[in-house]
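I set out to record what I looked up in this structure, entry by entry. The notes go from the whole chain to single residues.

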Amino acid sequence: MSDVAARELRIVGFLCNWCSYGGADTAGVSRFKQPTDLRIIRVPCSGRVDPLFIVKALLNGADGVLVSGCHPRDCHYTDGNFYARRRLEMLKRLLPFLGIDERRFHYTWISASEGGKWQQTVTDFTKRVHELGPLHAKKEATP
Amino acid sequence: MRVGVFICHCGNNIAGTVDVAKVAEETRKLPGVVYATTYMYTCSEPGQEEIKKAIKNENLDRVVVSACSPRMHELTFRRTVEKAGLNRYFFEMANIREHVSWIGENKELNTNKAIEAVRMAVEKVKQNKPLYSSSFKINKRVLVIGGGVAGMQAALDCADGGLEVLLVEKSPSVGGMMARLDKTFPTIDCSICILGPKMVDVAQHDKIKLYAYSEIDEIKGYVGNYQIKIRKKATYVDWTKCTGCGTCMEKCPSKNSYDHFNFGVAPTRAINIPFPQAIPKKAKIDPDYCRQFVKGKCGVCAKVCPTKAIDYEMQDEVITEEVGAIIVSTGYSLIDIERLPEYGGGRYPDVITGIQYERILNASGPTSGHIVRPSDHVEPKTVVFVACAGSRDKSIGIPYCSNFCCMYIAKQAILTKDHVPDSQSYVFYMDIRSPGKGYDEFTRRAQEEYGVKYIRGRVSRIYPKGNKMIVKGADTLLGTQVEVEADLVVLGTAVISNSDAGHMAEKLHISYDTFGFYVESHPKLRPVETNTSGVFLAGACQGPKDIPASVCQGSAAASKVQALFSKDMLESDPAVAKVNINACVGCLKCVKTCPFQAIKEKELRDGRVVADVIETVCAGCGVCTSTCPCGAIQLQHFTDNQLLAEVNAICLT
């Protein structure tokens with residue numbers, strides 16, 4: 001496990017059920033290979049993502065957070081993603097005040113058919129987080 | 001708490017790249033987990049039995065299945081645990097197939113990821129609460145958007161089953177693309193002869209209310225209870241008075257209107273009835289060409305109309321209707337010839353599209369079925385057909401096959417020989433795609449009986465020389481360049497989605513792909529459903545398809561609506577927002593942000609104002625939950641605690 005832990009960073013993804021989770025499924029069905037660092041949490045809508053979740057994740061051990069929803073104007077719930085966009089954009093600007101590099105947080109819009117775009121997004125974001133390195137000191141000593 | 005975890009091998013789909021035994025072993029160490037096992041195919045009947053047995057034997061009160069995507073089998077397993085006596089919300093799925101085994105190459109990393117995915121699901125399920133659905137009444141009326149062959153089939157099937165149907169068609173007549181076709185492959189049946197009676201049935205059916213020349217303005221509501229705003233566009237002719245006699249069309253002095261029905265093969269009058277079999281057979285004025293509108297004076301049609309139906313002052317009218325389900329059958333468009341500059345981009349009158357040729361072949365078309373070239377009205381002796389004009393061409397963003405061009409080109413080549421016996425047709429093709437009943441025999445007949453010359457290769461350029469069109473292309477089977485002097489060139493232009501397909505999808509809250517075609521729930525198993533319950537798809541709006549496939553989908557969508565309406569009440573999804581009135585401070589921010597107006601303010605007995613959720617209207621997006629400053633309104637099944645449990649399962653270990 002320690003070997004695995006050394007190679008991977010912790011990336012949390014919040015994906016809306018209707019578009020991006022489906023997009024990630026489409027990428028899977030198409031066998032689009034991706035880095036394995038990402039852990040996905042399914043939410044009904046990107047508008048359900050409380051910026052607090054992202055802050056908590058980053059403060060508690062995540063090295064990066066990715067949020068993805070339906071394309072603007074194509075939200076399953078009419079305009080949940082517009083609320084998300086406003087909140088997440090605000091959060092992006094606030095993160096440096098918490099001492100967190102804003103590049104550790106990324107939000108995007110991916111539809112259920114865009115498996116290729118999902119693969120690209122995960123690959124790029126994982127690469128970016130790896131370039132930034134771990135956010136937290138490794139707890140090596142804990143038994 | 002006694003959580004049971006079932007880890008699926010999914011044959012080799014998961015077990016091939018994930019060490020499932022190790023996942024089970026690690027899972028057993030998690031607090032709360034009392035049982036963890038692996039199974040070859042958990043979704044199979046014995047697999048589900050295994051879950052039920054374990055719930056009984058191990059006295060489980062929570063279940064996690066670690067397998068494919070919850071979008072695939074969440075409902076399956078919810079039913080399983082319910083049958084074993086658990087609340088269906090005491091169940092979670094960990095997606096270790098689409099999100100792990102199918103995308104990761106390293107078994108060790110995959111296994112580790114799967115273990116963490118299971119841990120997240122376990123932590124979430126421990127926070128789950130039992131939820132119970134309530135039932136609500138449904139409005140058993142259906143809205144069908146688009147009156148092509150798929151929409152008409154859906155409307156007729158629903159109406160024959162006793163449902164009230166509203167059929168909204170944006171053009172002045174139902175019939176769609178099929179009404180424009182001359183003959184249908186592979187039987188050379190007359191298209192309008194088989195479609196016409198269906199169109200009449202639609203008009204005469206007492207359960208179908210037809211809104212022709214109308215569009216959808218707005219769609220509100222949810223499955224079982226939609227409110228629809230339909231815009232009846234101004235025709236400037238009072239259709240209650242118009243008898244369809246056609247006198248106005250004869251006398252109209254504006255003779256250069258664009259003919260949408262005939263795809264501009266020949267001009268029409270500014271006031272016109274699109275075609276003789278139009279349903280409804282009523283006249284409409286095109287204000288872009290009508291002299292009364294363009295120049296402010298004319299009034300000929302008003303003078304000659306025997307029933308005084310002309311009304312130049314007519315305005316659009318918006319009508320509100322209520323329905324319980326929607327079938328979308330908005331059809332397709334064809335790529336604009338201007339996007340194909342190598343084929344002249346529309347500069348040469350004798351390079352036409354397949355659908356234009358269809359109108360030229362048709363007895364009720366502008367040339368009365370005589371094949372003549374648009375430029376000089378001479379009968380062509382050499383006709384070249386270019387398949388894949390735009391289709392399967394990544395350079396213009398259309399990588400897909402347009403499905404039916406190979407077949408209609410074979411048909412048109414046969415018909416050309418029938419009309420002009422001393423003619424010779426050539427077909428440039430990439431591959432002949434004829435995978436239907438009797439289809440391949442048909443394309444062979446074109447070659448063997450009708451002497452159509454098939455040349456495998458693409459056309460690189462078309463240019464005029466004298467009164468001929470020179471078609472330059474390759475013959476890849478012979479490995480040579482080919483040049484054909486043609487009198488007429490017919491392009492099998494690519495099928496594309498309608499230009500307003502995206503806007504329509506946004507009104508319906510359904511997804512569409514990068515090409516604008518609507519996305520079905522499951523490509524194999526739910527081909528007519530969308531991810532929005534109550535909205536179904538039929539016909540080419542979902543992807544290019546021929547007539548039998550469109551009719552199939554129309555009937556399938558109708559049967560889905562019938563099944564939905566077979567009950568009087570629908571079960572609501574209990575995963576809706578819920579207000580804790582003790583924590584609510586009455587700021588009512590949630591009321592403002594709710595996209596569905598599902599939250600109202602409520603005064604308590606002590607005079608305090610709090611938010612109150614209308615359960616049947618709430619769609620369960622959770623925007624309110626993220627908005628609430630005090631965590632008082634919580635989306636059930638996705639509460640702050642439940643999502644944070646997942647976050648912590650990833651981060652705090």
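I then located A:Met90 in helix α4 of chain A, which runs over residues 80-94. Together with A:Leu94 and A:Phe97, A:Met90 makes a nonpolar surface patch of about 380 Å². I note here that the model is a predicted one.

I looked up the secondary structure and found 18 helices and 32 strands in chain B. The C-alpha trace of chain B spans about 85 × 70 × 40 Å along its principal axes. Of the 653 residues in chain B, 57% are buried. I read an accessible surface of about 27,300 Å² for chain B, and carbon and sulfur atoms hold 50% of that surface. Among contacts in chain B with a separation of 6 or more, 69% come from residues 24 or more positions apart.

I noted the division into domain 1 (3-127), domain 2 (141-231 + 317-332 + 497-564), domain 3 (234-315), domain 4 (335-495) and domain 5 (577-636).

The buried residues are B:Ala501, B:Gly502, B:Met504, B:Ala505, B:Glu506 and B:Leu508. Their cover includes strands of chain B, namely β6 (141-145), β11 (214-222), β16 (325-328) and β27 (535-537). After α14(B) I found B:His509, with a positive phi near 60 degrees.

I placed B:Val495 in strand β26 of chain B, residues 495-496. B:Val495 has a relative accessible area of 0% and is therefore buried. Beyond four places in sequence, I listed its contacts, among them B:Tyr332, B:Leu334, B:Tyr400, B:Phe404, B:Phe517 and B:Pro544. B:Cys401 is 94 residues away along the chain, yet the C-alpha atoms of B:Val495 and B:Cys401 are separated by 8.4 Å.

I found B:Asp487 in the loop between β24 (480-486) and β25 (488-493) of chain B. B:Asp487 counts as buried because its relative accessibility is 8%. Which side chain does B:Asp487 join in a polar contact of 2.9 Å? The partner is B:Lys468. Leaving out residues up to four places away in sequence, I recorded that B:Asp487 also touches B:Asp350, B:Arg373, B:Pro380, B:Lys381 and B:Thr382.

I looked up A:Gln34 in the loop between α2 (20-29) and β2 (38-43) of chain A. A:Gln34 counts as buried, because its relative accessibility is 9%. A polar atom of its side chain lies 3.1 Å from the backbone oxygen of A:Phe32. The side chain of A:Gln34 also makes a polar contact of 3.3 Å with the side chain of A:Trp118. Beyond four places in sequence, I recorded contacts of A:Gln34 with residues of chain A, including A:Ala27, A:Gln119 and A:Val122, and with B:Ile103 and B:Gly104 of chain B.

Key: Residues are numbered from 1 along each chain as its sequence is written. Chains are lettered from A and ligands numbered from 1 in the order in which they are written. This is a predicted model: local features need pLDDT of at least 70, side-chain atom pairs count only at pLDDT 80 or more; totals for chains, interfaces and linings use all residues. Side-chain values use heavy atoms; hydrogens and water are left out. Patches are made of residues with over 30% relative accessible area and no salt bridge: like charges are joined within 9 Å, nonpolar side chains (Val, Leu, Ile, Met, Phe, Trp, Tyr) within 5 Å. Accessible areas come from the Shrake-Rupley method with a 1.4 Å probe; for residues, only the protein chains shown count as cover. A salt bridge is a side-chain nitrogen of Lys or Arg within 4 Å of a carboxyl oxygen of Asp or Glu. Helices (H or I, at least four residues) and strands (E, at least two) are DSSP runs, numbered from the N terminus. Buried means under 20% relative accessible area, exposed over 50%, partly exposed in between (1.4 Å probe, protein chains only). A polar contact is a pair of N or O atoms within 3.5 Å; within protein, one must be able to donate a hydrogen and the other to accept it, and residues adjacent in sequence count only if both atoms are side-chain atoms. Contact means heavy atoms within 4.5 Å. Domain bounds come from an automatic or database domain assignment.
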